[in-house]
Amino acid sequence: MSTQISSETLEQNSERIVTVVIICERCGSNSKEIVLPNVERILVSNERHLCPVCSQIEARNCSNRIEGELTSLNSNLKEIFEKYESDSGAIRDAAFDELAEYAAGVEMLKTVKLVLSGGNPDSWLEVTHNDENIIQKVVFVFEDWFDRAEVKVQPGSQAWKFAEFMIEVA
Ligand SMILES: [Zn+2]
């Protein structure tokens, strides 16, 4: 429980004032908030308690923004594809050019599968790298019968170093 109700309930201007100490779950800083005495509502709330600084940082996290970014990409593309399916040849041609120029750059990446174990459970590394053998992403995949899980491998870890080694020698 990150929200602590202070032991003191002050009487001020003949109103009951309850002070709540909120401990930020991210940085651990304390802040005091004066709330109306409906303390029960706060105690049962499951929301995360973050200080204003941390809540701003979290909101800017890529993992919090990526869904919105993809939604806007899809809606931009939807507009162009609608024109691309138009009956008018001129509109179609314009949409074709728009699509062809939509990507700011096109880069070839190769994905190599390094099989670690085969036959229930199966495991392998999927190593994605560019032309200069610079690794962009390593995914560890673990499969047992009809169950499957995958995690991104952290750069600098032993599995990442092994992937670099194999890309160099393969
Ligand atoms: Zn904080």
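**Elements.** I counted 5 helices and 7 strands in the protein; helices (H or I, at least four residues) and strands (E, at least two) are DSSP runs, numbered from the N terminus. From the N terminus on, I read the order as β-β-β-α-α-α-α-β-β-β-β-α. I number residues from 1 along each chain as its sequence is written. This is a predicted model, in which local features need pLDDT of at least 70, side-chain atom pairs count only at pLDDT 80 or more, and totals for chains, interfaces and linings use all residues.

**Confidence.** I looked up pLDDT, the predictor's confidence in each residue, from 0 to 100. The protein averages 85, and 82% of the residues score at least 70. Confidence is lowest in strand β1 (residues 3-12), with a mean of 47, and highest in β5, at 97. Residues 1-8 have a pLDDT below 50, and beyond near neighbours in sequence this stretch makes 15 contacts in the model. Two residues are in contact if their C-beta atoms, placed from the backbone, lie within 7 Å. Where pLDDT is low, the predicted coordinates should not be read in detail.

**Sheet.** I traced an open sheet of 4 strands in the order β4-β5-β6-β7, with antiparallel pairing. Its edge strands are β4 and β7 (147-152), each of which pairs on one side only. On average, neighbouring strands of this sheet are turned by 20 degrees against each other, direction ignored. Two strands pair if DSSP finds at least two bridges between them.

**Pairs, one by one.**
- Strand β4 (residues 110-117) pairs with strand β5 (residues 122-129) over 7 bridges, antiparallel; I found L125 in β5 as the bridge partner of L114.
- β5 and strand β6 (residues 135-144) run antiparallel and are joined by 8 bridges; D122 stands opposite E143 in β6.
- β6 and β7 pair over 6 bridges in the antiparallel sense; in β7, V151 is the bridge partner of F140.

**Hairpins.** I checked phi in two of the turns. The hairpin of β4 and β5 has 4 residues between the strands, and G119 there takes a positive phi near 90 degrees. The hairpin of β5 and β6 has 5 residues between the strands, and N133 takes a positive phi near 60 degrees.

**V115.** I placed V115 in strand β4. Why is V115 exposed? V115 is exposed because 9 other C-beta atoms lie within 10 Å; a residue is exposed at 12 or fewer such atoms, buried at 20 or more and partly exposed in between, with C-beta atoms placed from the backbone. V115 and L125 are 10 residues apart in sequence and 6.6 Å apart in space, C-alpha to C-alpha. Of the 170 residues of the protein, 3% count as buried.

**Helix pair.** I then turned to α3 and α4. Helix α3 (residues 62-84) packs with helix α4 (residues 89-100) at an angle of about 145 degrees, the axes being 7 Å apart. Axes are lines fitted to C-alpha atoms, for helices over the stretch in contact, and angles run from 0 to 180 degrees between N-to-C directions. I80, K83 and Y84 in α3 meet residues of α4 including I91, F96 and L99.
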